[in-house]
Amino acid sequence: MTLDEIRDKILHIADQTIKYARDLNIPAAEAYVYNLSNTNLTDNKGKIDSRDGLTQGIGLRVAIGKQVGFASCTGFEKETIKSTLKHAHSIAKVSPENPMFNGFVAGTNVAKEGILDPEILQLDPDSMIETCNLMSQEIDLSDRRIVSISYGVNFSFGGYAVATTEGCLASSLITTYAANSFSVVTEADDRKTAGDFVQGREIKSVEGISSNGLKKALNSLGSKAFGGSEDLPTVWEPRESAAFLEFSFINCVSGSSYVEKSNPWGDKLDQQVAVKELTLIDDGQHPESDSGRAIDAEGSPKQTTTIINDGILKTFLFDKMFGEAADKATTGNASRGGFFGGIPYENVPNVGPNKLLIREVGKNLDQQISEIDKGILITGTPIGLFTANQITGDFSITTNDAFLIEKGEVVHPLKNISIAGNYFETLNDMRTIGSDREDSGWPIDAPAITYNKHTISD
Amino acid sequence: MENENILDLLHKAVEKGENLGVNFIEARYDDLNLTTINYTNEIIKQSSSLSRKGIGIMAYYQGTPGYSYTPELTLEGVKEATIRAAKLAKSTDSRNKIKLDFDSIPAIKEKIEVKVKKHPKDFEFADKLDMLKRGVTAIKEQLEVTTTIGLYGEIYGEKYLVNSEGTELYWVPLMVDIRMGGVVISEGKQSQSFTGWGASTGLEFFEEKETIPEITGTNAGTYCKEQLDAVAAPSGKTKTLVSPQMGGVVVHESFGHLSEADFVVTGQSPIADRVGEELGSEHVTIIDEGVSPYGGLYLPYDDQGIKTGRTVLLEKGILKGYLHNRGTAKKMNSELTGNSRAINFMFNPIVRMKNTYFEKGDLTFEEAVEHVNTGVYAVDMSGGQVGLDGNFMFNCSRGYLIENGEVTKPIKNTALSGNILELLKYVEGGTKEVTIKTGYFGGCGKNGQNGLPVGFGGPDMIMDKVLIGGAQ
């Protein structure tokens, strides 16, 4: 099946589903049709696991005025779709009114589609094995410090379509490719891990992935205790910088938490929330990002939104319902599935970021390190980021992937340290925002960033 | 679809796979129904009723697995999935260095149905919503909140398994759950709470003394109120009394995952090849169990059709074994433990935990608090993370100071962290009462299979040298 044939198929199913809804005298309905073929292979130190399959189903919202019901089913079988519509209708009948709900997306309005790579449809298990062979050829396993190297390859293709009784009929297609390598190394009582990856909407070269990850892990061996507790500047590599900011921004930029009054930035519109060098954009039209799509998960066109401009909070992100509840328009940020993934058609739309981008400003990582008299370089994603208090902004996290910086030089790796502070304070205490933004694998990409002060202890 | 038709389809898949030259086929069918209600600020923010139905085929070729799944419940769809699974197994065999073949065992033909008083399928959506409304009313009776949250979740359905040995297995998973929470943002003060749990039973669970919605709501309100005047926890390494739910999560996330044999056979686990070693104090015994006398998750069989048993992982501090699927058990010359689980038909079974808990000690609660004397009582957690090396960090969302041998003031959210392999050496005792918690919400995540229901618990455990992250 070609990508065009997939598009025709999902649009047809979506359209048919709305016709079934009309046949069943359902006053208002929305069909979200999802069809994705996925293939995955992992090699954990020579232990191979592989999986493929077709994830296919429909999420159906039915409304009676402001009463809304949702049900979903796997597959596209006609009678199953009809019974699911009836089920959603029955839930709507007994649901209390949702005062925020004002109908489904009306009319068809699409933005630009991101890159699609038809070559991904031609990949097979043999090509995945070949990719693993390429990655493993870069590794010299005679180094006795290596505990294990693992590899992974994943590709998928398909798309989704949205149709509503209000006249929306639109779709967006997906092609994705990802490969990764992860190294575990040890020396004496020191055990370190590191990895590298490529991902995107096209087939990517895997050259350098495994050797980069291994090199990074080996360089972290020989760590020493920090010894004590001290307030110090911290310098974050671009990917770790993104991970660090991810958990504070997810809630703070959300229009749903703003409407529900659980957003700590709820009263900060047009106020300074970060240093003036910080500009944060949500890019739903990034052609190389998985989120660069024609429509969001309820059929609105995706767009690019400036959330923080020169440190001033300008807007939150909205889907249709929460946007209207805040007297704003949707920003094309309806998503399904949530931060931890999940099956999109099994979820109603909620507000989620597309691709958050921190605008690049000044110096790269090496330049930032050179300006530190004494500080800490963070080179791996700390654990505990999920435990940050999203209301107060307080965080305390630990990492086994950090180095001591003295007089502008990286001195030695550190054993496990904890890093504590407050997100809202630290956003106003950034020393340098870098010039070297990277694809992080998180819903946010950031350059290297230096903060003036965090509490470091072990 | 009638049961006989499903069994016939699964047998056809086994037959097709064997004709393709693979050594063994497992064919699974799931028909699961999931209902969730998110009742935030007294409106239904999200409600859903999901039907998740499909077939998954696992093919084994010379100890190399390949898995494929399909939502198409037709002979053509199932045969196509079987062909793909066999192709994956055969194509990847050349690179596979860790062959996990397994010995044949006698076929099982069993049908397990659970009898409950109030099966959720027999009750209306409105009945379930009403329980949340009752809980929210109870929250609001405790304090003026900015946001109220009520969550209801249920899962039930059918699972079938047929394999090349002739096993035909049928059982019915079931889980219900209610959570309540509150958020206060007012006049410079901020606090939040979230509490509740679930059970592998019917809705009668919410008529029990501790789990009626009014009690869960009252607790959520009370905990939120306490947080408004909470004090900062002392920073540094502190003697800590860890509640069953907190200790259960620590033992699951930090130690349980290290004991999963797929992680052990590759040598990646830091406790690989260490059976017989002393990893903890004499007060530490860790169990993983499918059907436990302490409650929790009801899991009679795993997704390879192996009856779940009681596995002693650590006994009085000594490492006794690991958690296995059929392949890792054979590879490591171990007993079958029934730990091969898949979250749904879209995933292959992998080694997962069931109910993982610390075994009971011999102290009363009062004796345990007195033993701590000065420290922290860590009760509830909200989120956490662990590393491959045993390092962990959990957010203690509800806790109290222990001063002069008594539980006193509530503490602010704080991080608890450490390394489980060091921490187990500093366990100084446990109380006599074991509680296992489970639920629809949360669950365990591994290899993209997130939210798998598990049970975790123990008694209140005394642990020394827990690193408290300080005030948050």
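Q: How many Å separate the centres of domain 1 of chain B and domain 2 of chain B?
A: In this predicted model, the domain assignment of chain B gives domain 1 as 3-34 + 48-112 and domain 2 as 236-297 + 345-471. Taken over C-alpha atoms, the centres of these two domains of chain B are separated by 35 Å.

Q: How many residues does domain 2 of chain B bring to the contact with domain 1 of chain B?
A: With contact taken as heavy atoms within 4.5 Å, domain 1 of chain B contributes 14 residues. From domain 2 of chain B, the contact takes 8 residues.

Q: Which residues in domain 1 of chain B lose the most area to domain 2 of chain B?
A: About 910 Å² is buried between the two domains of chain B, and carbon and sulfur atoms give 73% of that area. On the side of domain 1 of chain B, three residues together account for 39% of what that side buries, and they are B:Tyr67, B:Tyr69 and B:Ile98.

Q: How many residue pairs are in polar contact across the interface of domain 1 of chain B and domain 2 of chain B?
A: The count of salt bridges between these domains of chain B is 0. For polar contacts, with both residues at pLDDT 80 or more, the rule finds 4 residue pairs.

Q: Which strand supplies the largest share of the side of domain 1 of chain B that touches domain 2 of chain B?
A: In chain B, β1 (24-40), β2 (43-61) and β3 (64-70) each supply at least two residues of that side. The residues of this side of domain 1 of chain B divide into 7 nonpolar, 3 polar and 4 charged. The largest share, 6 residues, comes from β2(B).

Key: Residues numbered from 1 in each chain as written. Chains lettered and ligands numbered in written order. Predicted model: local features only at pLDDT ≥ 70, side-chain atom pairs only at ≥ 80, totals over all residues. Heavy atoms only, no water. Domains from an automatic or database assignment. Buried area = accessible area lost by both parts, 1.4 Å probe. Salt bridge = Lys/Arg side-chain N within 4 Å of Asp/Glu carboxyl O. Polar contact = N/O pair within 3.5 Å; in protein donor to acceptor, adjacent residues only side chain to side chain. Helix = DSSP H or I, 4+ residues; strand = E, 2+ residues; numbered from the N terminus. Nonpolar A, V, L, I, M, F, W, Y, C, P; charged D, E, K, R; others polar.
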